[in-house]
Amino acid sequence: MVAATRARPAVRDTAGAGGARLTVEGVSHAFDIRGTALPVLDRIGLTVEPGGFVALLGPSGCGKSTLLRLVAGLEPPDEGRIAVDGSRVAGPDPSRILVFQDPTLYPWRTVRGNVALGLEARGLGRERASRADAALRRVGLDGFAEVYPHQLSGGMAQRAALARALVNEPRLLLLDEPLGKLDALTRLAMQAEILRLWQEARFSALLVTHDVEEALVLAERVIVLSDRPAAIRADIRVGQPYPRHRDDPELVRLRREILGILGQPG
Amino acid sequence: MASLISVAGEAPQGAHRLPQLPWRGLAAGAAWLALAGATRLLPEDGDFPYTAAFAGAALALALALPVASALAGRLGRIGAALSHWTPWLTALALAFLAWELVTAKSGLLPMPFFPPPQAILEVFLEDWPKLGGSILASLKLLLGGYLIGASLGFAAGVAIGWSKAVGYWAHPVLRFVGPLPATAWLPLAFFVFPSSWSASTFLVALATGFPVTVLTWSGVAGVNKAYFDVARTLGATPRFLVLRVAIPAALPHVFVGLFMGLGGSFAVLVVAEMLGVKSGLGWYLQWAQGWAAYANLYAALIVMALMCSGLITLLFRLRDRVLSWQKGLVQW
C-alpha cells in the first residue's frame, strides 16, 4: 500500500503539480489513559482538494493535533478512514509531511544536515547538499547551512523546519501550530512566508491553529472544531483573494462569526 | 607576588613605552635558582648520587625560563603556553625546594619513607627499563579490557534502550549484578579464567561495561520522542532511527559512561596487577613496597598519575571532537 502511494505521485512530484487530495471519513479516536478511554475525535469528516489550504480551528487541547498525527500516519485511527488520493493511509510517508509546533531540529546536525534528513533517510544520496541548500534559499536561510541549531533564533529554527519538510516536495503539508511559539512580528512574517511557499509549490495544506486571524489570512476554508472530543461545528469558505489584509471587512465579519461559534463574544 | 606581577602587566599602553622586563619569567628563574643553590650547596643527610644532576637541571631551568619568557611573544603557541604556565612553574620550584629542605637537607621527614626529589630522579634514570615495561604492560591490559567492556557495554545499552524485549530480560540482571564491584569477582575470575591476564582483562571490561551500559541505555531511552516522529514522517527506516537518531542523541550520555568506566577500570587494573598479574604498574608498586624501595613507589605513583590523566585527557579530546555541536562543554 505504501509502495502504491509512492509509485503514483512520482510522475506528478517532479512535474511540480503536487497537490494531493485528502479525505477523512468518520474518524473517531480516543486516548488510553490508564485503562480509561478519553475520546478526542468524534466522527470527523473533511476533504482537502488538491492544492487547497484548509485550516482546522479549535480551542487548545481539543484534539486538532491528534487528527494531524493520524493523517501523517504516525498512529492509526480507532475508527474511520483516512485516504490520500484514494489510497488508505497505513503509515508515515514522505509525501505527507508534518511540521511540528517545536522545530525539533537535531542539535547534533548542522542546519544543512537537518534539512537533508528526509533525503538521507530515503537513501537519496546524490545532490543531497545542493537540494538542501536550495530548500534553505526558499525559506530565506541561505548562508546558515553550516550553523548548528542552538545558534538559530526561534523564527529561523522554524524556517529550517519548513525547509526540512519542503526539500522532500511533499504533496500534503501538515502544519501543527507551526507559529504558535513565535513572537507576534516573526509570526506575521512567517504567515506571509508560508503563503508564498504554498502559492509557489501548490501542495495541499492542512493547518492546525487556535488563532482565528491566522486561519482567515491563510486558508481557503476554515473548519471550526468543538471542545474535546472534537467534532466539526462549522465549515467556512473564505473567498477573499490573496494577499489578504487583517482589517478586510469580510474577514472581520467572518472572525466575529467564528468567535460566536466558539462561544466567545466577538 | 601575584599582585606585583599583575600591576606590571597592566602598565599603560603607550606608543613609546620602555621595554618591559619579563617579571614572571625572572621570578620563575629566581625560584629555580634558589632550588639549584640549596640542593647543591647545603649539606646533606644521606648519600644521594643524583644531587648534582638534580641541581644542574634546576640551574638549567633557572637560566632558560627568563630568556624563554622574554621571547614568549615570538614563540607562537609554545610561547603562549609558557606564559600561561609560568606561575605554576614558579610554584613547582618552591614546592621542590620545600621538599628538598624537609628531606635530604634536614631529615625532618625520615628516609627511607620520604625520599628527596633526587632519589626519585635516580629511579627514573636507573630503573626506567623496568618502569617503562610496567607502563606498557598496564596499558596493554587496560586498553584491551576497556575497549572490550566499552564496546559490549555500548551495544548492550543501545539494545536495552531500544528494545522492550531485551530490556525485560537484561534489566533485572543488570540491577542485580551491576552494582557489585568488579574487584569482588577477582578470586573467582582467577581460577575460572585460563590465565591471570585474561582474568584481569575480564575484570577491567566488567568495571568499564557496567557504567557504559547503564548510561548508554538511559541516553537511548531518554531521546526526545519528537525526534523519532520527525524522522518517521520523513520516511526513516528502523535502522535509520537507531543509527542516525537514537545513537547520536544518546552520545552525550555515552561519554559520561565512558568517563566513569575509565575511572573504574583504573581501580580494577591496579588491584588485579597487585594480586594476580606479575607485571604492570600495580605490580611494580607492590614490588617496591616489598623491598622498602619507597623512591620507586613514588616514581611509580607519578607515572601512574600521568598515565591515568593522559588517558582521561585523550577521552575528553575525543568527546570534544565528536560532540562539538554541544554548547557549554566542561573543559578537562
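1. Burial criterion. A residue is called buried if 20 or more other C-beta atoms lie within 10 Å of its own, exposed if 12 or fewer do, and partly exposed in between, with C-beta atoms placed from the backbone. By this criterion Thr104(A), with 21 C-beta neighbours inside 10 Å, counts as buried. Phi of Thr104(A) is near 40°, a positive value in a residue other than glycine. Thr104(A) is placed in the loop between strand 6 and helix 4 (111-115) of chain A.

2. Basis of the model. This is a predicted model, in which local features need pLDDT of at least 70, side-chain atom pairs count only at pLDDT 80 or more, and totals for chains, interfaces and linings use all residues. Residues are numbered from 1 along each chain as its sequence is written, while chains are lettered from A and ligands numbered from 1 in the order in which they are written.

3. Confidence. The pLDDT is the predictor's confidence in each residue, from 0 to 100. Chain B has an average of 88, and 92% of its residues score at least 70. Within chain B, helix 6 (residues 128-162) has the highest confidence, at 94, and helix 1 (residues 2-9) the lowest, at a mean of 42. The pLDDT is below 50 over residues 1-15 of chain B, a stretch with six contacts in the model beyond near neighbours in sequence; two residues are in contact if their C-beta atoms, placed from the backbone, lie within 7 Å. For the complex, the predictor gives an ipTM of 0.83 and a pTM of 0.81.

4. Fold of chain B. Helices (H or I, at least four residues) and strands (E, at least two) are DSSP runs, numbered from the N terminus. On that basis chain B has 13 helices and zero strands. The radius of gyration of chain B is 26 Å, well over the 20 Å that the globule rule gives for 332 residues, so chain B is more spread out than a compact globule. That radius is taken over C-alpha atoms, and the globule rule is 2.2 Å times the number of residues to the power 0.38. Along the principal axes, the C-alpha atoms of chain B fill a box of roughly 75 × 65 × 30 Å. Of the 332 residues in chain B, 37% are buried. Among contacts between residues at least 6 apart in the sequence of chain B, 72% join residues at least 24 apart.

5. The unreviewed UniProt entry places the feature "transmembrane region" at several spans of chain B, including residues 85-102 and 173-193. UniProt positions follow the numbering used here, feature names are shortened, and annotations may be inferred rather than shown by experiment. Residues 85-102 of chain B are 100% helix and 0% strand, with end C-alpha atoms 26 Å apart. Residues 173-193 of chain B are 57% helix and 0% strand, and their end C-alpha atoms lie 22 Å apart.

6. Interface. The contact takes 20 residues from chain A and 14 residues from chain B. On the side of chain B that touches chain A, the elements giving two or more residues are helix 10 (225-233) and helix 11 (238-275) of chain B. Helix 10 of chain B gives the most to this side, with seven residues.

7. Two strands pair if DSSP finds at least two bridges between them. One open sheet of chain A has six strands in the order 6-7-8-3-9-10, with mixed pairing. Strand 3 (residues 53-57) and strand 8 (residues 204-209) of chain A run parallel and are joined by five bridges, with Phe53(A) opposite Ala205(A) in strand 8. Another open sheet of chain A has four strands in the order 2-1-4-5, with antiparallel pairing. Strands 1 and 2 of chain A form a hairpin with two residues between them, and Arg34(A) in the turn has a positive phi of about 45°.

8. Backbone points to inspect. The peptide bond from Tyr242(A) to Pro243(A) is cis, with omega near -10°; Pro243(A) is in the loop between strand 10 and helix 10 (249-261) of chain A. In chain B, a cis peptide bond with omega about 0° joins Met111(B) and Pro112(B), and Pro112(B) lies in the loop between helix 4 (76-105) and helix 5 (117-126) of chain B. Asp85(A), which is not a glycine, has a positive phi of about 50°. With 18 C-beta neighbours inside 10 Å, Asp85(A) counts as partly exposed.
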